[in-house]
Amino acid sequence: MRRNSRARLSLSLLLVAGALGLGATPATAAEAHTAAAAPSAIPSASAYALDAAVEHTLGAGTAGTYLDRKTGELVVTVTTDRAEEQARATGATVRRVARSAAQLDSAIATLEAEAKITGTSWGIDPRTNQVAVEADSSVSARDMARLEAVAKRLGGAVSISRVPGVFHREVLGGGAIYGGGSRCSAAFNVTKGGARYFVTAGHCTNISANWSATSGGSVIGVREGTSFPTNDYGIVRYTDGSSPAGSVDLYNGSTQDIASAANAVVGQAIRKSGSTTKVTSGTVTAVNVTVNYGDGPVYGMVRTTACSAGGDSGGAHFAGSVALGIHSGSSGCSGTAGSAIHQPVVEALQAYGVSVY
């Protein structure tokens, strides 16, 4: 299954005028992409707009976009003269590559059909023009051989890396938002028709209909939607009369205002705010990521190198004032290299008809 690869107190103290961080987590394997070692940039508003324009104009005519880590410019990958002409007309920098979107989609479909192994994830890295596969430490030698055999048949379309950690759910006690005996965190405060809500991870909202700001405390919000597995987002409506501001807690006494939402671009810098690891930074390394959690797969995710841990589920992935994603999972950090996966927030906002503010 594939989605579009680019297809963005009272509780106001809890969310410190916005999204704090997160909680009950399926975790992903640690990211070790070599390109992440280079400095990454935060796209300008025009770069996000250009990325959306390229998606609208080219669709499957591009094999993906990314930010050039040296220039910060948006690069559009294409395989045909027609697509190159269309991409240049948008004002984007163009790069010819060997494999088309259809070929990468075909490789993903083959992995889905023949190598759907718990403890693996795969997604498109347009910088290498490949499907980048990760296998965590729980993948047996036999299953690894099976994965490698499938990849070999697909030629250079697939790269495989073995990473530490294990894809698994981690539910921790402690502060943040509480429901069903578990702790999670909110990602972003959102609004619709004057009503206030927050979005968080679907594997959190699956746990409980009622959410509190403290363990055993009074209910401050009620679940109005949840989606996990396949997706990983949910929405909770404030029922305590509070009107929290639309900011993200930076855990240093300040907050980051959120003014818009967009889909993340490979190569860009992001920050993650979570109640366990607080604020961490990283780089986006792949889009259209499938993560094979033990309790079901999720599709269309974004892979980053930000550090995270159990208790960060549902938290905010953002860049400046732009909301990007809802934290889904991680296996923590190896040194400074993390593996935080996020659910694109634009999809969740569209699903519920809400907007950030």
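Reader: Why is D240 called partly exposed?

Author: D240 has a relative accessibility of 31%. Buried means under 20% relative accessible area, exposed over 50%, and partly exposed in between (1.4 Å probe, protein chains only), so D240 counts as partly exposed. This is a predicted model, in which local features need pLDDT of at least 70 and side-chain atom pairs count only at pLDDT 80 or more, while totals for chains, interfaces and linings use all residues. Residues are numbered from 1 along each chain as its sequence is written, and side-chain values use heavy atoms, with hydrogens and water left out.

Reader: Where is D240 found?

Author: D240 is in the loop between β16 (233-238) and β17 (247-249); strands are DSSP runs of E, at least two residues, and helices runs of H or I, at least four, numbered from the N terminus. From S218, D240 is 22 residues away in sequence and 8.9 Å away in space, C-alpha to C-alpha.

Reader: What makes α4 roughly antiparallel to α5?

Author: Helix α4 (residues 101-114) and helix α5 (residues 141-153) pack at about 150°, their axes 10 Å apart. Angles under 35 degrees count as roughly parallel, over 145 as roughly antiparallel, 65 to 115 as roughly perpendicular and the rest as oblique, so α4 is roughly antiparallel to α5. Axes are lines fitted to C-alpha atoms, for helices over the stretch in contact, and angles run from 0 to 180 degrees between N-to-C directions.

Reader: Which residues make the contact?

Author: T110, L111 and E114 of α4 meet R146, L147, V150 and R153 of α5, contact meaning heavy atoms within 4.5 Å.
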